[in-house]
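This report describes one protein chain for a reader who has the sequence and the model at hand. Please look at both before reading on.

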Amino acid sequence: MNRQPVQDHGITRWVEDRPVRHTTAASTPDATKEHHMPTLRHEIGDVLRDMRQRQGRTLREVSHDARVSLGYLSEVERGQKEASSELLASICAALDVPLSTMLREVSDRVAEQEGVIVPDTVPDELTVGLEGETGSVDLSTLAGR
C-alpha cells in the first residue's frame, strides 16, 4: 500500500491506497462495513506535518524546539510511532499551536472519514426560546431539556 496526498480545504492529508476488492453481498456479511477506518496515529501525524509545513518550518527546527529527536518526530509525522500525550503537548508548544486545536483538527478529519457531520455550533432547534436579552444562550438550560 502507498500513501497518497489528498488536498481538502487547503490542507494536505495522506491516505492509503487500498487494492480494490470485488465482493458480493453473499461473501461479505455486512457490506456497509467495507469502508476504511482511519488510524489515529496517521491522522495526528498528518495534522502535525501540515501545521509545521504551513509555518514553513523544518523537522530539524521543530524537533529542536520540542526537545524530540528528529528521527522520532519524523516517525510520528509519518504515523509510524504512537506519540504520548506529553510528547504531543511538547510538539504543539514548539509549533505554538494549542494541543486542543491540533486534536480538534484530527477529530474533524476522523469524523469526515467516518461520514459523521459534527456541527460547530448549537443547532437552532435547541436554542429556540432560550435566548436572553443579550442574544446569548444559557447552555445550562439545555441540560434540563
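Where does aspartate 96 lie? Aspartate 96 is in the loop that runs between H4 and H5. The model is a predicted one.

**Overall layout**

The chain contains seven helices and two strands. Along the sequence, these elements follow the pattern β-β-α-α-α-α-α-α-α. The chain has 145 residues, of which 29% count as buried. Of the contacts between residues at least 6 apart in sequence, 52% join residues that are at least 24 apart.

In soluble globular proteins, nonpolar side chains tend to be buried together. The largest nonpolar core in this model has 20 residues, and those touching the most other members are Leu48, Ile91, Leu95 and Met102. Two or more residues come from each of H1, H2, H3, H4 and helix H5 (99–114). H4 gives the most, with six residues.

When neighbours within four places in sequence are left aside, leucine 48 is in contact with Val76, Glu77, Leu88, Ile91, Cys92, Leu95 and Met102.

**Helix H2**

Helix H2 covers residues 59–66, and its buried residues are Val62, Ser63 and Ala66. Viewed down the axis of H2, these buried residues fall within an arc of 100°, so they line one face of the helix. An α-helix has 3.6 residues a turn, so residues three or four places apart point the same way. The face of H2 turned away from the buried side carries two exposed residues, Arg60 and His64. The buried residues of H2 are covered by parts of the chain that include helix H1 (40–54), helix H3 (70–77) and helix H4 (85–95).

**How H2 meets H3**

Two packed helices are described by the angle between their axes and the distance between the axes. For H2 and H3, the angle is about 110° and the axes are 9 Å apart. Angles of 65 to 115 degrees count as roughly perpendicular, and H2 and H3 are therefore roughly perpendicular to each other. On the H2 side, the contact is made by Leu59, Arg60, Val62 and Ser63. On the H3 side, Leu70, Leu73, Ser74 and Glu77 take part. The residues of this contact divide into four nonpolar, two polar and two charged.

**Helix H4**

Which residues of H4 are buried? They are Leu87, Leu88, Ile91, Cys92, Ala94 and Leu95. Down the axis of H4, the buried residues fall within an arc of 160°, so they line one face of the helix. Ser85, Glu86 and Ala93 are exposed on the other side of H4. The buried residues of H4 pack against H1, H2, H3 and H5.

Alanine 94 is part of helix H4. Alanine 94 has a relative accessible area of 11%. Buried means under 20% relative accessible area, so alanine 94 is buried. Beyond its neighbours within four places in sequence, alanine 94 is in contact with Arg57, Val62, Asp65 and Ala66. Among these, Val62 and Ala66 are also buried residues of H2. The C-alpha atoms of alanine 94 and glutamate 61 are separated by 8.9 Å, although the two residues are 33 residues apart along the chain.

Arginine 67 has a positive phi although it is not a glycine.

Exposed means over 50% relative accessible area.

Conventions
Residues are numbered from 1 along each chain as its sequence is written. This is a predicted model: local features need pLDDT of at least 70, side-chain atom pairs count only at pLDDT 80 or more; totals for chains, interfaces and linings use all residues. Side-chain values use heavy atoms; hydrogens and water are left out. Buried means under 20% relative accessible area, exposed over 50%, partly exposed in between (1.4 Å probe, protein chains only). Helices (H or I, at least four residues) and strands (E, at least two) are DSSP runs, numbered from the N terminus. The arc is that of the directions from the helix axis to the C-beta atoms. Contact means heavy atoms within 4.5 Å. A nonpolar core is a set of buried Ala, Val, Leu, Ile, Met, Phe, Trp, Tyr and Cys residues joined through side-chain atoms within 4.5 Å. Axes are lines fitted to C-alpha atoms, for helices over the stretch in contact, and angles run from 0 to 180 degrees between N-to-C directions. Angles under 35 degrees count as roughly parallel, over 145 as roughly antiparallel, 65 to 115 as roughly perpendicular and the rest as oblique. Ala, Val, Leu, Ile, Met, Phe, Trp, Tyr, Cys and Pro count as nonpolar, Asp, Glu, Lys and Arg as charged, and the others, Gly among them, as polar.
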